[in-house]
Amino acid sequence: MATAAFNLALINPSTFILPKSPNPTKLRVRTLRCSSATANAVPGLSEGPWKTSDARLVLEDGSIWRAKSFGASGTQVGEVVFNTSLTGYQEILTDPSYAGQFVLMTNPHIGNTGVNFDDEESNQCFLGGLVIRSISISTSNWRCAETLGDYLAERNIIGIYDVDTRAITRRLRQDGSLVGVLSTEESKTDEELLEMSRSWDIVGVDLISGVSCKEPYEWVDKTNSEWEFNYGGRDGKAFHVVAYDFGIKHNILRRLASHGCKITVVPSTWPASEILKRKPDGVLFSNGPGDPSAVPYAVETVKEILGKVPVFGICMGHQLLGQALGGKTFKMKFGHHGGNHPVRNLRSGHVEISAQNHNYAVDPASLPEGVEVTHVNLNDGSCAGLAYPAQNIMSLQYHPEASPGPRDSDYAFGEFIKLMKKVKVNA
Ligand SMILES: NC(=O)CC[C@H](N)C(=O)O
């Protein structure tokens with residue numbers, strides 16, 4: 001029987017009363033360096049289980065979780081969220097919506113398929129760090145190009161393992177989201193790390209400007225035909241979609257391309273007037289990281305576009321649409337992150353198992369008359385989709401593009417195509 005591989009230590013109770021800093025520092029600059037142990041690893045093998053604990057996760061509630069590091073080393077602050085997906089860690093690592101967050105995977109065994117060239121959801125890892133129970137000692141997959149540890153080290157992302165992810169998840173479920181600090185630096189005291197976690201906040205910070213593209217570009221889809229699927233038929237050939245990049249996942253673009261759309265991706269700050277000049281058939285407002293109420297400029301852009309062309313909002317895009325329609329967003333207790341969330345489509349009555357990743361939600365009571373709640377999350381009754389038919393608006397709080405996750409909601413792309421078709425035919 002393996003010896004206990006984690007160690008939870010509560011630091012001196014007096015540290016619990018450290019006051020919160022009145023001026024929370026915004027996102028700190030990362031100072032990470034590549035772990036030499038990882039860099040010298042034998043290809044296909046990660047470090048052995050005999051490695052001793054060399055990392056800490058210090059949570060703002062004063063708890064300290066000793067762990068072993070892989071990937072990069074250094075010190076990083078972030079908000080801890082747990083993700084219940086069983087597969088798809090590479091898509092999760094490259095989802096820009098995780099900027100400012102540490103992703104804790106509840107699936108205890110991670111890294112067994114390594115990473116490959118095809119499953120990237122963006123060109124970068126924007127998340128703050130990865131927290132897992134056990135890193136696979138070997139990787140084995142026909143598409144594997146490198147180990148998870150090497151991949152994270154090259155991208156300056158800290159990973160920790162041999163930590164009780166189940167206990168941390170239960171704590172987050174009980175107490176709500178917590179800020180934490182991941183560190184491999186022995187020179188930093190527990191108190192210093194605790195103070196760092198308590199003087200940082202993710203609420204009220206514009207994170208989309210840090211992940212959006214800098215210039216517009218045309219999306220040229222390189223999806224291997226082997227992976228191509230289309231449940232709804234290819235009827236989007238004539239449609240030009242402009243996609244606002246608030247941290248867009250590539251699979252949203254791949255799914256639109258699969259319907260034959262021509263896609264132009266624009267930065268989050270691109271003026272609405274420029275978009276409308278191009279006379280697109282539809283506009284997509286993408287997913288993206290952070291607090292949707294902290295980006296009023298994006299809400300203004302959405303407002304200027306509403307009613308002029310059909311629009312589709314996904315996750316952050318849905319939250320911006322909700323605000324542009326006059327509604328409000330709020331922070332959830334610990335959010336939804338995983339590939340197993342049941343959602344009821346109130347129009348069809350069908351239940352979809354969906355991929356989700358959000359910490360905020362639209363308050364349906366704050367929405368004006370005429371705005372229809374189309375989908376509800378069956379775990380907690382929160383608003384999972386909206387429509388305002390009078391202005392050809394549709395949005396989902398979750399991820400019809402999956403990646404990772406089930407494809408039950410893929411039909412939403414077909415509905416967006418139908419919306420554009422209807423408007424074009426009647427024009
Ligand atoms: N995936 C997303 O677009 C996330 C939206 C928003 N950042 C939230 O956490 O609620």
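## Helix α8 and its surroundings

In helix α8 (residues 296-305), the buried residues are Ala298, Thr301, Val302 and Ile305. Viewed along the axis of α8, these buried residues fall within an arc of 100 degrees, so they line one face of the helix. The arc is that of the directions from the helix axis to the C-beta atoms. A residue is buried if 20 or more other C-beta atoms lie within 10 Å of its own, exposed if 12 or fewer, and partly exposed in between, with C-beta atoms placed from the backbone. Helices (H or I, at least four residues) and strands (E, at least two) are DSSP runs, numbered from the N terminus. On the other side of α8, Pro296 and Tyr297 are exposed.

The buried residues of α8 pack against α7 (272-277), β14 (282-285), β15 (311-314) and α9 (316-324). Contact here requires that the C-beta atoms of two residues, placed from the backbone, lie within 7 Å. Just after α8, Gly307 adopts a positive phi of about 85 degrees. Helix α9 is mostly covered, with 9 of its 9 residues buried; among them are Met316, His318, Leu320 and Leu321.

## Model and overall organisation

The structure is a predicted model, in which local features need pLDDT of at least 70 and side-chain atom pairs count only at pLDDT 80 or more, whereas totals for chains, interfaces and linings use all residues. Residues are numbered from 1 along each chain as its sequence is written.

The secondary structure of the protein chain comprises 10 helices and 20 strands. Of its 427 residues, 50% count as buried. Among contacts between residues at least 6 apart in sequence, 80% join residues at least 24 apart.

## Domains and their contact

The protein chain is divided into domain 1 (7-13 + 22-198) and domain 2 (208-426), with bounds that come from an automatic or database domain assignment. The contact takes 25 residues from domain 1 and 25 residues from domain 2. On the side of domain 1 that touches domain 2, β4, α2 (89-93) and α4 (165-175) each supply at least two residues. The largest share of that side, 3 residues, comes from β4. Its residues divide into 9 nonpolar, 10 polar and 6 charged. In this classification Ala, Val, Leu, Ile, Met, Phe, Trp, Tyr, Cys and Pro count as nonpolar, Asp, Glu, Lys and Arg as charged, and the others, Gly among them, as polar.

## Strand β4 and its partners

Strand β4 (residues 63-83) is mostly covered, with 18 of its 21 residues buried. Two strands pair if DSSP finds at least two bridges between them. Strand β3 (residues 55-59) pairs with β4 in the antiparallel sense over 4 bridges, and Arg56 stands opposite Arg66 in β4. The hairpin of β3 and β4 has 3 residues between the strands, and in this hairpin Gly62 takes a positive phi near 95 degrees.

Strand β10 (residues 178-183) is an antiparallel partner of β4 over 6 bridges, with Val77 opposite Val181 in β10. Strand β5 (residues 101-105), by contrast, pairs with β4 in the parallel sense over 5 bridges. Here Val81 stands opposite Val103 in β5.

## The ten-stranded sheet

An open sheet of 10 strands has the order β11-β13-β12-β14-β15-β20-β19-β18-β16-β17, with mixed pairing. β11 (217-218) and β17 stand at the edges, each with a single partner strand, so one side of each is left without a neighbour in the sheet. Strands β12 (residues 240-245) and β13 (residues 262-267) run parallel and are joined by 6 bridges; Val241 stands opposite Ile263 in β13.

Strand β16 (residues 328-345) runs antiparallel to β17, to which 11 bridges join it. The bridge partner of His341 in β17 is Ser354. These two strands form a hairpin with 5 residues between them, and Gly349 in the turn has a positive phi of about 80 degrees. Of the 13 residues of β17, 10 are buried, so this strand is largely enclosed by the rest of the structure.

## Ligand surroundings

The residues around the ligand are Ser97, Asn287, Gly288, Pro289, Gly290, Pro292, Cys315, Met316, Asn357, His358, Asn359 and Tyr360. A residue is near a molecule or strand if its C-beta atom, placed from the backbone, lies within 6 Å of it. Strand β17 (residues 351-363) gives the most to this shell, with 4 residues. By class, the shell has 5 nonpolar, 7 polar and no charged residues.
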